[in-house]
Amino acid sequence: MSTSTDASATTAERYRVFAEVEARRMSATYERWAAGVATDASVLDLLDTLPAPKRQPNLVFSASRLLGAEPGPYAAFADWLHMHWNDVREIVLTHATQTNEAARCALHLPVLAGIDGPIALLEVGASAGLCLYPDRYSYRYSAPTSAEPGRLDPADGTSAVVLDCELRGPAPVPRRLPEIVWRAGIDLNPLDVRSPDDVAWLDALVWPEHDDRRARLRAAAGIAAVDPPHLVSGDLNEQVTALAAAAPGDATLVVFHTAVLMYLDEDGRDRFAAQVRDLPGHWLSVEARRVVRGIRVRDDVPNASSDLVLALDGVQRAWAQPHGRALTWVGTP
């Protein structure tokens, strides 16, 4: 679990780690804001009135931006936060971090392309379900040793969503898109891509400088709105077995999730892992190191400290950049 999401850590420590690890080189705005919060007693006092799980930097910053906080120096943000705290607090208490980054499909595809289809996709922590459409997006894979990117498009031509991903190591370049015949998801609070308010919240969750992600979100939401996914509201441990049973029997079930299990306690993670291992088909997990117990983490392969562990059926296959920008293969087990 990242310290920034660890409710047992002090608020100052959560923001310091967010600035130094998660936001560094990813968002200058959030790096400045989080570093400032970590040493600002008056703002820490405000945050400490929230339940511990709700003090998460990404949640507080996204709520602020939904309400109009502009990227800029920390001092200006701190003044704005004091002025608008009651409104920010209400959004924080009624919303959750549900980042729905379609680019993560570029991380999943090298694994999905190697699974015999047709495939029934079941996503845990689906948010609005944008990662349930890997067959509707276009892909451009690049590699340091290749002059030409690997290009992959749906049968009807280039998609409005084009995902660029750098492959490192002996990663298999996908040659085909998977045949998806069923797609469904579970979320505590599913978002509807047809709702302007829900899409606005997803937009606020995109970090300030990431204009490419913001444009991609809107395009992916447009694709999903034409054929909305089947999303079930509820606890993943209470819903996963029943929803998996609804998948067509002649399709290969793939249960997957990205940066979701870190929000569960250890008992919840272990319970989920036991359930999904008993299901037919495959389990694709993309989580922070040490979140899923029993996976041998390949620290002998160079990786960034923020990279996630991509594993298939409990065996690590790659290190994954959290927003889908790069995949570092660790080789076959």
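Trainee: In which sense do strand S9 and strand S10 pair, and over how many bridges?
Mentor: They pair in the antiparallel sense, over 5 bridges. Strand S9 covers residues 308-312 and strand S10 covers residues 315-320. Keep in mind that this is a predicted model.

Trainee: Which residue is the bridge partner of Leu310 in S10?
Mentor: That's Ala318.

Trainee: OK, and what order do the strands take in the sheet?
Mentor: The sheet is open, with 11 strands running S3-S2-S4-S11-S10-S9-S8-S7-S1-S5-S6, and the pairing is mixed.

Trainee: Which strands stand at the edges?
Mentor: Strand S3 (150-152) and strand S6 (230-233) do. Each has a single partner strand, so one side of each has no neighbour in the sheet.

Trainee: How many degrees are neighbouring strands turned against each other?
Mentor: On average 20 degrees, ignoring direction.

Trainee: What does helix H7 touch on the sheet?
Mentor: Helix H7, residues 105-112, packs on the sheet and touches several strands, including S1 (119-124), S2 (138-142) and S7 (252-258). The direction of H7 makes about 85 degrees with that of S2.

Trainee: Switching to the whole protein: how many helices and strands?
Mentor: 11 helices and 11 strands.

Terms used: Residues are numbered from 1 along each chain as its sequence is written. This is a predicted model: local features need pLDDT of at least 70, side-chain atom pairs count only at pLDDT 80 or more; totals for chains, interfaces and linings use all residues. Side-chain values use heavy atoms; hydrogens and water are left out. Two strands pair if DSSP finds at least two bridges between them. Helices (H or I, at least four residues) and strands (E, at least two) are DSSP runs, numbered from the N terminus. Axes are lines fitted to C-alpha atoms, for helices over the stretch in contact, and angles run from 0 to 180 degrees between N-to-C directions. Contact means heavy atoms within 4.5 Å.
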